[in-house]
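Welcome to a short tour of a multi-chain model.

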There are 4 protein chains.
Amino acid sequence: MLRVGILTSGGDCQALNAAMRGVVKAIYTKRDDVEIYGFQDGYKGLMYGDFKVLESRDFSGILTLGGTILGTSRQPFKLMRKPDENGLDKVEEMKQTYHKLHLNCLVVLGGNGSHKTANLLREEGLNVVTLPKTIDNDLWGTDMTFGFQSAVDIATDTIDRIHTTATSHGRVFIIEVMGHKVGHVTLHAGIAGGADIILLPEIPYDIDVVVRAINRRNKSGKKFTIIAVAEGAISKEVAELPKKAQKEARAKYPSVAYEIADKISERTDQEVRITVPGHTQRGGSPCPYDRVLATRLGAAAAEMILEEDYGKMAAVRNNEIIRVPLEEVAGKLKYLDPDSSIIREAELTGISFGI
Amino acid sequence: MLRVGILTSGGDCQALNAAMRGVVKAIYTKRDDVEIYGFQDGYKGLMYGDFKVLESRDFSGILTLGGTILGTSRQPFKLMRKPDENGLDKVEEMKQTYHKLHLNCLVVLGGNGSHKTANLLREEGLNVVTLPKTIDNDLWGTDMTFGFQSAVDIATDTIDRIHTTATSHGRVFIIEVMGHKVGHVTLHAGIAGGADIILLPEIPYDIDVVVRAINRRNKSGKKFTIIAVAEGAISKEVAELPKKAQKEARAKYPSVAYEIADKISERTDQEVRITVPGHTQRGGSPCPYDRVLATRLGAAAAEMILEEDYGKMAAVRNNEIIRVPLEEVAGKLKYLDPDSSIIREAELTGISFGI
Amino acid sequence: MLRVGILTSGGDCQALNAAMRGVVKAIYTKRDDVEIYGFQDGYKGLMYGDFKVLESRDFSGILTLGGTILGTSRQPFKLMRKPDENGLDKVEEMKQTYHKLHLNCLVVLGGNGSHKTANLLREEGLNVVTLPKTIDNDLWGTDMTFGFQSAVDIATDTIDRIHTTATSHGRVFIIEVMGHKVGHVTLHAGIAGGADIILLPEIPYDIDVVVRAINRRNKSGKKFTIIAVAEGAISKEVAELPKKAQKEARAKYPSVAYEIADKISERTDQEVRITVPGHTQRGGSPCPYDRVLATRLGAAAAEMILEEDYGKMAAVRNNEIIRVPLEEVAGKLKYLDPDSSIIREAELTGISFGI
Amino acid sequence: MLRVGILTSGGDCQALNAAMRGVVKAIYTKRDDVEIYGFQDGYKGLMYGDFKVLESRDFSGILTLGGTILGTSRQPFKLMRKPDENGLDKVEEMKQTYHKLHLNCLVVLGGNGSHKTANLLREEGLNVVTLPKTIDNDLWGTDMTFGFQSAVDIATDTIDRIHTTATSHGRVFIIEVMGHKVGHVTLHAGIAGGADIILLPEIPYDIDVVVRAINRRNKSGKKFTIIAVAEGAISKEVAELPKKAQKEARAKYPSVAYEIADKISERTDQEVRITVPGHTQRGGSPCPYDRVLATRLGAAAAEMILEEDYGKMAAVRNNEIIRVPLEEVAGKLKYLDPDSSIIREAELTGISFGI
C-alpha cells in the first residue's frame with residue numbers, strides 16, 4: 001500500500017488543484033494500492049491530524065478550478081519551531097501525524113516559506129516531495145512557478161482596462177501589482193500592458209526620473225501615463241536606509257502606490273489615480289499555460305514518489321522538468337536580475353524604470 | 001449641409017465609441033452633406049472651441065474600443081453657471097461656439113450631471129439630443145444605460161476570483177463596487193457573483209445583522225463570507241444623521257469597505273480582506289449587450305436628428321427605444337426600489353441585505 | 001413534507017445550474033421539510049425512475065458552473081406519446097414515477113419541445129412548474145430565456161476574432177450562429193460584432209443583394225466583409241418552395257454557411273472562409289446577465305411552488321418576473337419580427353439583411 | 001538616414017502588431033533619422049512597390065491589436081521563383097523595390113514559407129532580419145513563436161466550453177485544433193483542456209486504441225470523452241501509405257475530425273459531435289505571454305538592425321533572446337518529439353495518444 005499525504009500551504013494561487021490532480025492521476029495510472037490523505041489548511045492539518053482520505057474521483061474535474069480543495073494557510077517559518085497553543089513542538093506534532101498514518105511520503109505545494117518548512121521536515125527524516133507554487137515566481141531552483149502566468153494575465157487585464165480610462169481622461173494611473181519582494185509579475189504585466197513606467201523592488205527608483213518621464217510624455221502630446229508598480233518597489237532614498245528605517249518609511253502609506261502618487265502630486269499638476277487589483281491576482285481559473293505546467297509538474301512529482309526519490313522539488317529549467325534538492329531551494333529568493341536582457345529590451349522600447 | 005456637434009461628458013464608460021459610431025453611421029446612411037464636429041474633453045471643448053472635424057471613417061472600427069476617442073471630463077453642474085478662468089460665462093461661451101460653427105444640433109453622451117447641463121443648453125435655445133451613458137444606471141427616464149452591463153461583468157469577475165481565494169483561506173471578503181449613490185451595479189454583480197451579503201445605498205444596513213449573517217454561515221460550516229458593498233452604502237445609524245454629519249462620518253475611512261471591515265473585525269475574530277476593483281469597472285471593451293444597446297440608441301439619436309426632433313434623450317423602456325424630454329431627465333436620480341421584486345427574489349435565495 | 005422533482009431537458013445551455021440553485025435555495029429558505037428528487041438526463045429519468053435524492057448542499061457552488069449537474073437529453077415531442085422500448089406508454093410511465101415518489105410537483109427547465117411535454121403532463125394532472133431555458137430565445141411568453149445572452153457573448157467573441165483575420169487578409173468571412181429556426185442570437189451577435197451583413201430565418205435573403213453589398217464594400221476600399229448567418233437562414237427562392245422541397249434544397253450543403261459561401265464564390269472573385277462556433281455557444285460559465293436572470297426565475301419558481309400555483313412558467317416581461325400558463329407557451333415559437341425597431345436601427349447603421 | 005522596410009507574411013496571427021511596435025519603438029529610442037516603409041500584404045507589397053511611409057505614432061497603441069496593420073498574404077515558396085503575372089521574375093522585382101527605396105534593411109515577420117523566401121532574399125544580397133511568427137510553433141531555431149500561446153488559449157477555451165456540453169449529454173466530442181503539420185498547439189490545448197485523448201501528426205494513431213479508450217471511460221462510469229485532434233493528425237494505416245495515397249485518403253473527408261468521427265461511429269454506439277474553432281485561433285488580441293515575447297523579439301530585431309547584424313532571425317532559447325542565421329532556419333520544420341518528457345507526463349496523467 002502506498003500512503004501519500006498532500007497539502008497546500010501559503011497564499012493560494014491558480015493551478016493548485018490542477019497540480020494535485022496531476023500528482024494523483026499519475027500515481028493511480030501506475031498503482032492501484034494507494035491511499036491519499038489530504039491535510040486541511042496547509043501544515044496546520046498535518047500538525048493537528050486534520051485530514052480527509054481522498055480518492056481518485058475527488059481530483060476529477062478540478063483542472064480548471066481556482067483555489068485549493070484542501071484549503072490553505074500561511075504558517076510563518078519563524079514560528080514553526082515555536083510550540084503550538086497546546087505547548088507542543090509543532091514539527092514534532094507533524095512528524096507524529098506522519099508516522100501515525102504510516103505515510104510513505106508527503107507532497108507539499110508551496111512557496112518560499114513553505115519550502116523552508118518542507119526542508120525542515122526532510123531534515124527530520126520525512127519523505128518529502130514538493131511543487132513550486134506562487135504567483136510571485138520568486139522560488140529558487142525553477143525557471144517558473146505555477147500561478148505566475150495567471151497572475152500576469154489578470155494584472156495585464158487590469159492595465160488594459162485602465163488604459164482606456166487613462167486615455168479618455170488624460171491622467172496618471174498607478175497600478176499596484178502583487179509579487180511580494182520581487183518584480184517578476186509587475187515586469188511582465190507592465191510590458192504586456194504597455195505601461196510607460198515600471199517600478200520594481202530590484203531597481204530602486206528615483207522619483208525625479210519618474211516625474212521627468214511623465215513630463216516628457218506630456219510634452220510629446222500624450223496626456224496620460226501608466227505606471228505599473230510592484231508592491232515591493234522602493235525609492236533610492238529609502239533603499240539606502242537601514243532595514244528598520246525602511247520599514248518605518250513604508251508604514252507612512254497604505255501601500256507603495258499611495259507613496260508614489262503623493263510624490264507625483266507634489267511635483268506635477270497631473271491628476272493621479274490608483275488601482276490595486278489585490279487578491280484578484282490569485283483567484284479564478286488557471287490560464288492554460290499554468291494548467292500545462294502544473295499538470296507536468298504534478299506528473300513529475302508522482303514519478304519521484306513511484307521511484308522513491310525524495311527530498312526534492314519538481315521544477316522546470318530550460319523547458320525541461322528537473323528535480324532540485326530541497327536544501328538548495330529553501331531560504332533563497334529568486335530576484336529579478338537588473339542586468340537581464342528583458343530589462344534592456346523593455347528599456348529599448350521606451351519603458352522607464354525610474355533610473 | 002447638416003452640421004452635428006458631438007461630445008462625451010462625465011466619467012468615461014464602455015460603449016461611448018460604439019454609441020457615437022451608431023449616430024454617425026446612421027446619419028451618413030441617410031445624408032451625404034454632413035459635417036461632424038467632435039469636441040474634445042466634454043463640455044470644455046464646446047466652451048473653448050476645441051474640436052476636430054471628423055469623417056465617417058473616424059468612427060469606423062471603434063465599436064469594440066473602450067474609452068472615448070473624443071476624451072471626456074467631469075464638469076460639475078454647480079460650476080456650470082460660474083464664469084470660467086477668463087471671467088466669461090461658460091454657457092454663453094458654449095452657445096457662441098455652437099452658433100459660430102452654425103451647428104444644426106449637438107449630441108451629448110453623458111450621465112446625470114451632463115444631462116443637467118444639456119437641459120440648460122436646451123433652455124438656451126440649442127438643439128440638443130442626448131444618449132444615456134453611465135455604468136451606474138442611475139439616469140432617470142431609461143430602463144438601462146450603456147456601460148452598466150459591462151461594469152456588472154467586471155465587478156462579477158472580481159467577485160468570482162475572490163471566491164476562490166475566500167474558499168481557500170476561509171475569510172470574510174468585502175468587494176467594493178462602483179455605482180455612485182445607487183446600488184444597481186452592486187445588486188446585479190452581487191447576485192451574479194453569489195455574494196452572501198449585499199449592502200446598498202437604498203437599504204441602510206445594520207452592522208449587527210451583517211455580523212449575525214457571517215456567524216450563521218460559520219456555524220453551518222461555511223468558513224468564508226463574500227460581501228458585495230456599493231461605494232455609496234450607508235449604515236442605519238449614519239443614514240439617520242443630517243447630511244453634514246453623514247459626510248463627516250464617512251470621511252473617517254478611505255471608503256465604505258474599510259468602515260465595514262473595521263466594524264466586522266471589532267465584532268468577530270474573522271480575518272477580513274478588502275478588494276476595490278475601482279476604475280477597471282469603467283474600462284476595456286464593452287460587452288456585447290452594451291454594444292447592441294449603444295448602437296441602437298445611437299441610430300435612434302440619428303433618427304431624431306434627421307427628423308429635427310430635439311431636446312430629448314434616446315432611451316430604452318420595456319425593450320423599445322423611446323424619446324424622453326430632457327426636462328424630465330435632468331436632475332433626477334433613478335434609485336433602486338427596496339420593494340422591487342429583484343430584492344425579494346435575492347432575499348429568497350438566501351442573500352442578506354443587512355436588515 | 002414537500003417533495004419536489006426537478007429535471008433539465010433538451011439541448012444544454014448556460015445557467016441551468018444557476019436556475020436550479022435558485023429554486024432549491026429559495027425553497028430551503030422557507031421550508032425545512034423538503035426532499036428534492038433530481039431526475040437524470042431529462043424526461044428519461046422521470047420515465048425510468050432514474051433519480052438521485054439531492055440536498056441543499058448539492059446545489060451550492062454551482063452558480064457559475066456550465067452544463068447541468070442532472071444531465072439532459074433531447075426527447076422529441078412527437079415521440080412522446082409513442083410507447084417506449086418496453087412497449088409501455090411513456091407519459092404513463094412518467095406519471096407512475098411521479099405518483100410513486102409522492103411528488104408535490106415537478107420543476108422542468110426546458111425549451112420549446114420540453115414545454116410541449118410539460119404541458120402534456122399538466123393535462124394529465126401533474127403539478128408542473130417550468131423555467132425558460134434556451135440559447136435561442138424562441139420561447140413564447142417570455143421576453144428572455146437564460147442561455148441567450150451567454151450564447152450572444154460567445155458568438156460575438158467569435159466574430160471579434162474573425163474580424164482581425166478578415167482585416168489582415170481581405171476576405172469574406174461567414175460566421176454561422178446557432179438559433180434553430182429563429183434569428184435572435186445571430187441578430188444580437190451580428191450587431192455586437194459589427195457584422196456587415198446579417199442573414200436571418202425571418203428575413204429570407206436575396207443572394208444578389210448580398211453580393212452587391214460585398215461589392216459595394218470593396219469599391220469603397222474595404223477589402224473584407226463579415227457575414228453573420230443564422231443556422232436557420234433561408235434564401236428567398238428556397239423560402240417559396242414547399243416544406244419538403246425546402247428540406248431537399250438544404251440537404252445539399254453541410255449547413256447554410258456552405259450554401260452561401262458557394263453562391264458568393266460563384267458570383268465574386270473574393271476568397272470566402274467559414275467559421276462555425278457550434279456547440280461552444282452552449283458551453284461554459286453563464287454570463288452575469290444570465291446568472292441574475294436564472295437566479296430570479298429560480299426564486300420565482302420556488303414562490304410558485306410554495307404558493308401551490310402550478311401549471312405555469314416563470315417568465316420575464318418588461319423586466320418583471322411573471323407567471324405564464326403552460327397552455328399559452330406550449331407549441332408556439334417566438335420569431336423575430338422583421339418590422340421591429342431593432343432591425344430598422346441596425347439597417348440605419350449600414351447593416352444589410354440581404355433584401 | 002536609416003531606411004527600414006517591414007512586412008508581415010503568411011497566415012495572420014496574434015502579436016504581429018506588438019512585434020512591429022517593438023521593432024519601431026526600439027529603433028526610434030536610439031535614432032531620430034529613420035524612415036519606415038510598411039509593405040502591404042506581405043511580399044506582394046515588396047514585389048509591386050505597394051507601401052506606406054510610416055511614423056513612430058502609427059505603431060502607437062497597437063500592442064493589444066489583433067491582426068496586422070500592414071495586411072498579409074500567403075505566398076507559397078514554390079511559386080516564388082516563377083514569374084509574376086507581368087512575366088517578371090518575382091525576386092528580381094522585390095530586389096528592385098528594395099534598392100529603389102535605398103533600404104538599409106528589410107524586417108520580415110513570418111513563418112516557415114516566409115523564412116524560405118527571406119533566406120532567398122538574403123542570398124540575393126538583401127539585408128534581412130526576421131521575427132518568428134506562427135501559431136503553429138513549428139519554426140526551427142526558436143523554442144517559441146509568438147501567436148502560439150494565444151492560439152493555445154483559444155483552443156483551450158473551446159475545449160472548456162465543450163466540456164460542459166459533453167458532460168451534460170454524455171457524448172464523444174472531437175475538437176479539431178490548428179497547427180498545420182505539427183501537434184504543438186493541440187498537445188498544449190489538449191492537456192490544458194483536460195482532453196481524454198489527444199491525436200497528433202507526430203504520433204500516428206490506431207483507431208482501435210482510440211475506441212478502447214472511449215469504452216474504458218464508459219465502463220468506469222464516465223459517459224463522455226473529449227478528443228483533441230490536430231488538423232494534421234494521421235492514422236497508422238494512412239501514415240504507412242506513400243505521400244500521394246495519403247493525400248487521396250485524406251481527401252475523402254472535409255477534415256481529419258470527420259474521418260475520426262466516422263470511424264468511431266462505426267465502432268461504437270456513442271453520439272459523436274465535432275467542433276472546429278478554425279480561424280478564431282489566429283484572431284483577437286494577443287495574450288500577455290505573446291505580447292511580452294513579441295515586444296522582446298521586436299526590440300532584439302531593432303538591436304540587430306542598429307548593429308547591422310543581418311541575415312538572422314531573432315529567436316528565444318532557454319528564455320534568452322538569441323540570433324539564428326537564416327540558412328539554419330529556412331526549410332526546416334520543428335516537429336514534436338514523441339519521446340519528449342511532456343508526452344510521457346501527459347500519458348502518466350491518463351491521456352491516451354491512440355497508441
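In what follows, a salt bridge is a side-chain nitrogen of Lys or Arg within 4 Å of a carboxyl oxygen of Asp or Glu. Please keep in mind that this is a predicted model.

## Salt bridges across the model

With that rule, the count over all chains comes to 84 salt bridges. Side chains of opposite charge can pair when their charged atoms come close. One of the pairs is Glu345(C) with Arg296(B), whose side chains meet at 2.6 Å, N to O. Glu345(C) belongs to helix 13 (residues 341–348) of chain C and Arg296(B) to helix 11 (residues 288–306) of chain B, so this pair joins two chains.

## Where chain A meets chain D

How many residues does each chain bring to the contact between chain A and chain D? Chain A gives 41 residues, and chain D gives 41 residues. Between them, chain A and chain D bury an area of about 3,300 Å², with 57% coming from carbon and sulfur atoms. Glu345(A), Leu348(A) and Thr349(A) provide 19% of the area that chain A buries against chain D, more than any other three residues.

One pair is Asp160(A) and Arg291(D), with the closest N and O atoms 2.9 Å apart. Polar contacts link 16 residue pairs across the interface of chain A and chain D, both residues being at pLDDT 80 or more. On the side of chain A that touches chain D, the elements that each supply at least two residues are helix 1 (16–30), helix 5 (148–169), helix 6 (184–193), helix 11 (288–306), strand 12 (320–325) and helix 13 (341–348) of chain A. Helix 11 of chain A gives the most, with 8 residues. By class, the residues on this side of chain A are 12 nonpolar, 15 polar and 14 charged.

## Where chain D meets chain C

Chain D also has a contact with chain C, built from 32 residues of chain D and 31 residues of chain C. The two chains bury about 2,200 Å² between them, and carbon and sulfur atoms account for 49% of it. Which residues of chain D lose the most area to chain C? They are Arg161(D), Ser168(D) and His279(D), together 28% of what that side buries.

Between chain D and chain C the count is 2 salt bridges. Asp41(D) and Lys223(C) form a salt bridge through their side chains, at 3.3 Å from N to O. The interface of chain D and chain C has 14 residue pairs in polar contact, both at pLDDT 80 or more. Helix 5 of chain D has the largest share, 8 residues. That side of chain D divides into 5 nonpolar, 19 polar and 8 charged residues.

## Chains that stay apart

Chain A and chain C do not touch, and their nearest C-alpha atoms are 10 Å apart. Chain B and chain D do not touch either, with nearest C-alpha atoms 10 Å apart.

## The sheet in chain B

Chain B holds an open sheet of 4 strands in the order 8-9-7-10, paired in parallel.

Strand 8 of chain B runs parallel to strand 9 (residues 225–230) of chain B, and 3 bridges join them. Ile198(B) faces Ala228(B), which is in strand 9 of chain B. Helix 10 (residues 256–267) of chain B lies across strand 7 (172–177), strand 8, strand 9 and strand 10 of chain B, at about 160 degrees to strand 7 of chain B.

## The sheet in chain C

In chain C, 4 strands form an open sheet with parallel pairing, in the order 8-9-7-10. The twist from one strand to the next averages 20 degrees. Strand 8 and strand 9 (residues 225–230) of chain C pair in the parallel sense over 3 bridges. Leu199(C) has Val229(C), in strand 9 of chain C, as its bridge partner.

Helix 5 (residues 148–169) of chain C lies across strand 7 (172–177), strand 9 and strand 10 of chain C, running at about 170 degrees to strand 7 of chain C. Helix 10 (residues 256–267) of chain C also packs on the sheet, where this helix touches strand 7, strand 8, strand 9 and strand 10 of chain C.

Note on methods: Residues are numbered from 1 along each chain as its sequence is written. Chains are lettered from A and ligands numbered from 1 in the order in which they are written. This is a predicted model: local features need pLDDT of at least 70, side-chain atom pairs count only at pLDDT 80 or more; totals for chains, interfaces and linings use all residues. Side-chain values use heavy atoms; hydrogens and water are left out. Contact means heavy atoms within 4.5 Å. Buried area is the accessible area (1.4 Å probe) that two parts lose on being put together, summed over both. A polar contact is a pair of N or O atoms within 3.5 Å; within protein, one must be able to donate a hydrogen and the other to accept it, and residues adjacent in sequence count only if both atoms are side-chain atoms. Ala, Val, Leu, Ile, Met, Phe, Trp, Tyr, Cys and Pro count as nonpolar, Asp, Glu, Lys and Arg as charged, and the others, Gly among them, as polar. Two strands pair if DSSP finds at least two bridges between them. Axes are lines fitted to C-alpha atoms, for helices over the stretch in contact, and angles run from 0 to 180 degrees between N-to-C directions.
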